[in-house]
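Open the model in your viewer and keep the sequence panel beside it. The tour below goes from one selection to the next.

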Amino acid sequence: MQDYSSELIFRLKDLHINFDKYKFYPRDENFNSAIYDSDKKLIFSTLESKKVDFNSEVYTTDSKIHFVEQPESYYLGAKYVVLEIDDNLIWFEKLKKEIALFILIAFTFMVFFGYFLLKLFLKPMRDALHLLDRFIKDTTHELNTPVSAVITNVEMIDIDSLDEKLAKKIKRIDTGAKTISNIYEDLTYLTLNNKIISQDENIELSKIVKQRVDYFKTLADVKKIEIKTSIKEDIFIFCDNKKISKLIDNLLSNAIKYNKVKGIIKVSLQEGSLIIEDSGKGMSKNQVEQLFERYTRFDKSVGGFGIGLNIVSMIAKEYNLHINVQSKEKVGTKMEVTW
């Protein structure tokens, strides 16, 4: 309508200058128009609408669109020029398309911009995790042989034949070696997880739980922790022997690690359920929610990389095992694995 208005004003100017020559008001088939003086009194009009809103530049009434403009000069005494065209809503459809296009372009820009910012902000974290993974791979590569040698040689010593002082020293070596061995196995599992081929079979879980409890008894003795067991015989599960052992090892290791001195660990196995309960520090609700996230450590004084329970969750997910965690601060934590 701005173009129509400019055209009309030009023709009014021409008529104003050459009034003696033309002497008729300029009309156009595309629009109706009117001119008003400075007191808003009508000079001439072809409008269908009788009332004009001089306070608005553009407005609609009765399916008509009106455009009000003030020319730079009073051509034919006109202060106001008013244009009127039929409102066929084409402009509205065009406006909707333009708004939709604008939103689409803005959304696309925001997605790319957000993705760029996200990559930029996460880069330090990715670099740190990459560095940690690399350190773990390098460490595990050098640990296996010396740790295995220490454990094997300690197992070959007849502790009962030694005097009490020397027996205590040997037990300390055994405890340290088993702790390193457990960390080594966790790191190896983590770094080689995608390359480990499961050898699933129907295995006697009762026997495995007893073996793992015996294995960790030396570690529990260091903190004078009593392990109470209630293991039902002939419980079988279809699983990979090493993986289910790794799951039990990490639950037992955590129960010892986060337990108090002279605490208690209860190990209960029955059909469809394995429960390992400690009398340790316990956790808050928020800590329980983050429990299985990799590199999560709530108490840095006990050591470790924060990967044990992440491995537990990976094994549980692979074999469709469900883990229920109940924990109360300063009371203890109960981990129940069901299948």
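This is a predicted model. Begin with the lining of the largest cavity: by class, this lining has eight nonpolar residues, no polar ones and no charged ones. To see them, select Leu205, Ile237, Ile244, Leu247, Leu274, Leu321, Val337 and Trp339. The space inside the largest cavity comes to about 30 Å³. How many cavities of 30 Å³ or more does the structure hold? The count is one.

Next, select helix H5, residues 205-222. The largest nonpolar core has 46 residues, and helix H5 gives the most to this core, with eight residues. Within the core, Val209 and Ile248 have the most contacts. In soluble globular proteins, nonpolar side chains tend to be buried together.

Stay with valine 209 and show its neighbours. Leaving aside residues up to four places away in sequence, valine 209 touches Ile231, Ile248, Val267, Leu269 and Leu274. Leu274 is also one of the residues that line the largest cavity.

Where does aspartate 28 sit? Its place is the loop between helix H2 (19-22) and strand S1 (32-36). Is aspartate 28 buried or exposed? Aspartate 28 counts as buried because its relative accessibility is 17%, and the cut-off for buried is under 20%. A polar atom of the aspartate 28 side chain lies 2.7 Å from the backbone nitrogen of asparagine 30. Aspartate 28 also touches Glu7 and Arg11, again not counting residues up to four places away in sequence.

For a contrast, select aspartate 62, in the loop between strand S3 (58-61) and strand S4 (64-69). Aspartate 62 is exposed, because its relative accessible area is 69% and exposed means over 50%. Aspartate 62 and glutamate 277 are 215 residues apart in sequence, and their C-alpha atoms are 80 Å apart in space.

The last stop is helix H8, residues 308-318. Which residues of H8 are buried? They are Gly308, Leu309, Asn310, Ile311, Val312, Ile315 and Ala316. After H8 comes asparagine 320, which has a positive phi, near 55°.

Technical notes:
Residues numbered from 1 in each chain as written. Predicted model: local features only at pLDDT ≥ 70, side-chain atom pairs only at ≥ 80, totals over all residues. Heavy atoms only, no water. Helix = DSSP H or I, 4+ residues; strand = E, 2+ residues; numbered from the N terminus. Buried < 20%, exposed > 50% of the residue type's maximum accessible area, 1.4 Å probe, protein only. Core = buried A, V, L, I, M, F, W, Y, C linked by side-chain atoms within 4.5 Å. Contact = heavy atoms within 4.5 Å. 1 Å grid on protein atoms, 1.4 Å probe; cavity = no way out; pocket = protein on both sides within 12 Å on 5 of 7 lines; lining within 4 Å. Points joined across faces, edges and corners; volume = space filled by probe spheres on them. Nonpolar A, V, L, I, M, F, W, Y, C, P; charged D, E, K, R; others polar. Polar contact = N/O pair within 3.5 Å; in protein donor to acceptor, adjacent residues only side chain to side chain.
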